[in-house]
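Subject: Structure handover

Hi there,

Here is the structure I promised to pass on. Please have a look, and my notes follow below.

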Amino acid sequence: MDKKVTGIVAYITIIGWIIAFLAGDKEGAKFHLNQALVLVLAGLILNVLSRIPFLGIVFGLVSIVVFVFQIMGLVYAIQGKDKEVPLLGGIKILK
């Protein structure tokens, strides 16, 4: 897979991220692989935290925001731009 396809596939669930990481252009799409990983992990953490009574509503709403950020990242990958998503874009997991 080339850089653009790898970036697009990375945003489609954790399974898509794994496929993009293993079969894609890791060096070319490292930016989008990192962004997608941060968003997927944030979504998973918020999903677990949304199970807490009373606070679950707040974490549920925040998880919707993270989903919107994931859509934004997907759009940036489709456009071929290396643009960070708001709030979480500065977090670097992959080096």
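A definition to begin with: I call a residue buried under 20% relative accessible area, exposed over 50%, and partly exposed in between, using a 1.4 Å probe and protein chains only. This is a predicted model, in which local features need pLDDT of at least 70 and side-chain atom pairs count only at pLDDT 80 or more, while totals for chains, interfaces and linings use all residues. Residues are numbered from 1 along each chain as its sequence is written, and side-chain values use heavy atoms, with hydrogens and water left out.

Salt bridges

The model holds three salt bridges, where the term stands for a side-chain nitrogen of Lys or Arg within 4 Å of a carboxyl oxygen of Asp or Glu. One of them joins E84 and K92, with the closest N and O atoms 3.3 Å apart. E84 is partly exposed at 40% relative accessible area, and K92 is partly exposed as well, at 47%.

Another pairs D82 with K3, where the closest N and O atoms are 3.8 Å apart. D82 sits in the segment after α4 and K3 in helix α1 (residues 3-10), so this bridge ties together parts that are 79 residues apart in sequence. For the helix names, I took DSSP runs numbered from the N terminus (H or I of at least four residues for helices, E of at least two for strands). D82 is partly exposed at 44% relative accessibility, and K3 counts as partly exposed at 35%.

In the remaining bridge, the side chains of E27 and K30 meet at 3.5 Å, N to O. E27 is exposed, with a relative accessible area of 62%, whereas K30 is partly exposed at 26%.

The nonpolar core

By a nonpolar core I mean a set of buried Ala, Val, Leu, Ile, Met, Phe, Trp, Tyr and Cys residues joined through side-chain atoms within 4.5 Å. The largest one here has 16 residues, and those with the most contacts inside it are A10, W17, L39, V66 and L88. The elements that give two or more residues to this core are α2 (13-23), α3 (30-49) and α4 (56-79). The largest share, seven residues, comes from α3.

What does L39 touch, leaving aside its neighbours within four places in sequence? With contact meaning heavy atoms within 4.5 Å, the partners of L39 are Y11, V66, F69, Q70, V85 and L88.

The aromatic pair

A search of the whole structure finds one aromatic pair. It is a stacked one, formed by W17 and F21, at 5.0 Å centre to centre with 10° between the planes. The criteria: rings of Phe, Tyr and Trp (its six-membered ring) pair if their centres lie within 6.5 Å, and planes under 30 degrees apart count as stacked, over 60 as edge-to-face and the rest as tilted. Both residues lie in helix α2, four residues apart, or about one turn of the helix. W17 is buried at 10% relative accessibility, while F21 is partly exposed at 28%.

Helix α3 includes N34, which is buried at 3% relative accessibility. Neighbours within four places in sequence aside, N34 is in contact with I91, K92, I93 and L94.

Q35 also belongs to helix α3 and is buried at 1% relative accessibility. Not counting residues up to four places away in sequence, Q35 touches Y11, K83, E84, V85 and G89.

A29 is in the loop between α2 and α3 and is buried at 0% relative accessibility. Beyond neighbours within four places in sequence, A29 is in contact with K3, T6 and G7. A29 and G80 are 51 residues apart in sequence and 9.9 Å apart in space, C-alpha to C-alpha.

A nonpolar patch on the surface

M1, V5, I14, I15, I18, I19 and L22 form a nonpolar surface patch, with about 630 Å² of accessible area together. Patches are made of residues with over 30% relative accessible area and no salt bridge, joining like charges within 9 Å and nonpolar side chains (Val, Leu, Ile, Met, Phe, Trp, Tyr) within 5 Å. The areas come from the Shrake-Rupley method with a 1.4 Å probe, and for residues only the protein chains shown count as cover. Helix α2 gives the most to this patch, with five residues. L22 lies in that helix and is exposed, at 63% relative accessible area.

Best wishes
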